[in-house]
Amino acid sequence: MERRTFLASAAAAATAMALDPAKADTLPLGNLPNWRYPDPRVEVLDDKKFKYMVGNAAIERIATGFRWAEGPVYFRDGGFLVWSDIPNNRMMRWLEEDGHVSVFRTPSNYTNGNTRDREGRLISCEHDARRVTRTEPDGTIDVLLDSYEGKKLNAPNDVVVASDGAIWFTDPGYGILGNYEGHKADFELPPRVYRIDGKTGRATIVADTFDKPNGLAFSPDEKKLYIIDTGLTHGGRSNMRVFDVNGDKLANDKVFAENFAPGFTDGVRTDIDGNVWCSMGWADPKEDGVRCYAPTGELIGKIHLPETCSNLCFGGKKRNRLFMTGSTSVYAVYVETQGALKP
Ligand code: MG
């Protein structure tokens with residue numbers, strides 16, 4: 001089949017493949033239905049730029065049975081994935097070796113976003129305790145920040161660590177809007193993005209112009225920082241912006257991608273080529289999944305999932321497997337690129 005014809009038919013099939021979300025919880029583990037290679041749920045929009053599809057790799061559902069899965073983070077040294085199941089106040093772990101799923105931490109203080117620092121330590125955003133923590137190699141949990149100028153953080157959401165050890169995180173406050181994903185409480189601070197210096201531990205405000213700052217990721221050279229705004233949940237913006245990183249400050253604020261409404265994106269990661277992969281959901285089921293944008297901002301590919309996708313990360317021994325937390329399940333697919341973030 002001619003490549004262009006194949007792409008067109010694959011795109012059409014992808015549309016047809018969108019599953020009824022009402023039936024999502026009946027799906028078994030393993031490859032999604034109608035997965036004949038190449039998986040029609042991996043949609044190539046620009047075959048010159050989206051060269052990341054693996055023809056004989058299907059989208060797999062690797063774990064299910066959660067209320068709201070978020071914040072995936074991969075441990076190459078241990079060969080496992082950890083993520084948050086926020087409303088169940090726990091974090092889960094999936095072993096790459098045999099697919100075993102177990103509880104990693106409970107209670108988790110309704111932890112949401114997770115990442116690892118350059119020393120491999122787990123960094124977490126805790127909704128309920130309204131703080132950012134670091135898990136030391138001996139299991140001790142250190143508090144990195146729980147207040148700013150004497151006022152409690154809202155409910156940190158997502159986090160990324162730069163190669164200089166600085167911890168950049170967002171604080172939109174979803175975790176104190178109700179008791180389901182934390183506990184209901186008053187806001188003491190506006191929604192902001194903060195940076196915690198890796199050496200001094202001192203926090204500074206790096207952005208305060210977001211309705212609801214959410215997922216964030218650096219470009220591979222760390223010269224740019226992408227930050228999602230999920231303000232649409234409260235009548236605000238639904239887009240992703242990009243900033244130049246000037247040391248410990250951000251500059252040159254620009255909209256990077258904005259065609260998400262009436263749905264929105266929540267989590268974001270970059271690959272070694274500088275492409276920007278972000279979650280998608282909450283509106284048209286045919287758009288549920290992941291979007292891949294070229295560094296220029298052009299939408300070049302989509303991955304279709306049967307549920308709203310909240311967040312994603314690259315993992316696997318070669319960082320070439322994309323893990324996606326999708327509402328009640330976790331999905332994975334091999335791609336022909338690698339995550340920018342190490343480990
Ligand atoms: Mg988030």
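Where does Gly 175 lie? The points below take up this residue, then a nonpolar core and a sheet.

1. The model is predicted. In it, Gly 175 belongs to the loop that runs between strand 15 (167–171) and strand 16 (192–196).

2. Gly 175 has a relative accessibility of 0% and therefore counts as buried, since the cut-off for that word is under 20%. Apart from neighbours within four places in sequence, Gly 175 has contacts with His 127, Ala 155, Glu 181, Gly 182 and His 183. Asn 112 is 63 residues away along the chain, and its C-alpha atom is 8.8 Å from that of Gly 175.

3. The largest nonpolar core is made up of 23 residues. Those with the most contacts inside this core are Phe 50, Ile 59, Trp 277, Val 290, Ile 303, Leu 322 and Met 324. At least two core residues come from each of strand 2 (42–44), strand 24 (289–293), strand 25 (299–304), strand 26 (311–315), strand 27 (321–326) and strand 28 (329–334). In soluble globular proteins, nonpolar side chains tend to be buried together.

4. Phe 50 can be looked at on its own. Leaving out neighbours within four places in sequence, Phe 50 is in contact with Val 42, Val 44, Trp 277, Cys 292, Ile 300 and Gly 301.

5. Five strands form an open sheet in the order 1-3-28-27-26, and their pairing is antiparallel. Strand 1 (30–31) and strand 26 each have a single partner strand, so one side of each has no neighbour in the sheet.

6. Within this sheet, strand 3 (residues 60–64) pairs with strand 28 through four bridges, in the antiparallel sense. Arg 61 is opposite Tyr 331 of strand 28.

Conventions
Residues are numbered from 1 along each chain as its sequence is written. This is a predicted model: local features need pLDDT of at least 70, side-chain atom pairs count only at pLDDT 80 or more; totals for chains, interfaces and linings use all residues. Side-chain values use heavy atoms; hydrogens and water are left out. Buried means under 20% relative accessible area, exposed over 50%, partly exposed in between (1.4 Å probe, protein chains only). Contact means heavy atoms within 4.5 Å. A nonpolar core is a set of buried Ala, Val, Leu, Ile, Met, Phe, Trp, Tyr and Cys residues joined through side-chain atoms within 4.5 Å. Two strands pair if DSSP finds at least two bridges between them.
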